[in-house]
Amino acid sequence: MLARAAHALAREGKQPDALPERALRHYGEGLRQYLVVRVGDPDRGAALFEQLRQQISARGADALQAAPGLRARLYEHARR
């Protein structure tokens with residue numbers, strides 16, 4: 001769904017790299033909770049989520065659209 005939105009934005013001449021930010025708006029709360037549980041500390045989890053947000057934004061839409069899919073790529077980055 002979000003990949004289609006990115007393609008539509010590209011066709012309209014708008015910024016195609018809006019996909020990472022839109023993806024994080026959609027999946028962000030789940031990712032934040034995943035990181036908090038993974039590290040066992042809400043403050044550290046929040047800091048890691050901000051780092052993840054920066055990394056995802058820097059990588060761009062193409063890196064997120066590769067198989068197996070957008071959500072899988074986001075969680076892959078969160079595990080690192």
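1. A polar contact is taken here as a pair of N or O atoms within 3.5 Å, where, within protein, one atom must be able to donate a hydrogen and the other to accept it. Please keep in mind throughout that this is a predicted model.

2. With that definition in hand, consider Arg73, which lies in helix H5 and whose side chain reaches the backbone oxygen of Ala67 at 2.2 Å. Once the neighbours within four places in sequence are set aside, the residues in contact with Arg73 are Ala63, Leu64, Ala66, Ala67 and Pro68.

3. The largest nonpolar core is made up of 14 residues, and Leu31, Leu52 and Leu74 are those with the most contacts inside it. Two or more residues of this core come from each of helix H2 (18–39), helix H3 (42–59), helix H4 (61–65) and helix H5 (70–79), and H2 gives the most, with five residues.

4. Which residues does Leu74 touch, leaving aside its neighbours within four places in sequence? Leu74 is in contact with Ala23, Leu24, Tyr27, Leu31, Leu52, Ile56 and Leu64, and among these Leu31 and Leu52 are, like Leu74 itself, named as having the most contacts inside the core.

5. Ala61 has its place in helix H4, and it counts as buried because its relative accessible area is 4%, where the cut-off for buried is under 20%. Although Ala61 and Leu19 are 42 residues apart in sequence, their C-alpha atoms are 5.5 Å apart in space.

Definitions and conventions: Residues numbered from 1 in each chain as written. Predicted model: local features only at pLDDT ≥ 70, side-chain atom pairs only at ≥ 80, totals over all residues. Heavy atoms only, no water. Core = buried A, V, L, I, M, F, W, Y, C linked by side-chain atoms within 4.5 Å. Buried < 20%, exposed > 50% of the residue type's maximum accessible area, 1.4 Å probe, protein only. Helix = DSSP H or I, 4+ residues; strand = E, 2+ residues; numbered from the N terminus. Contact = heavy atoms within 4.5 Å.
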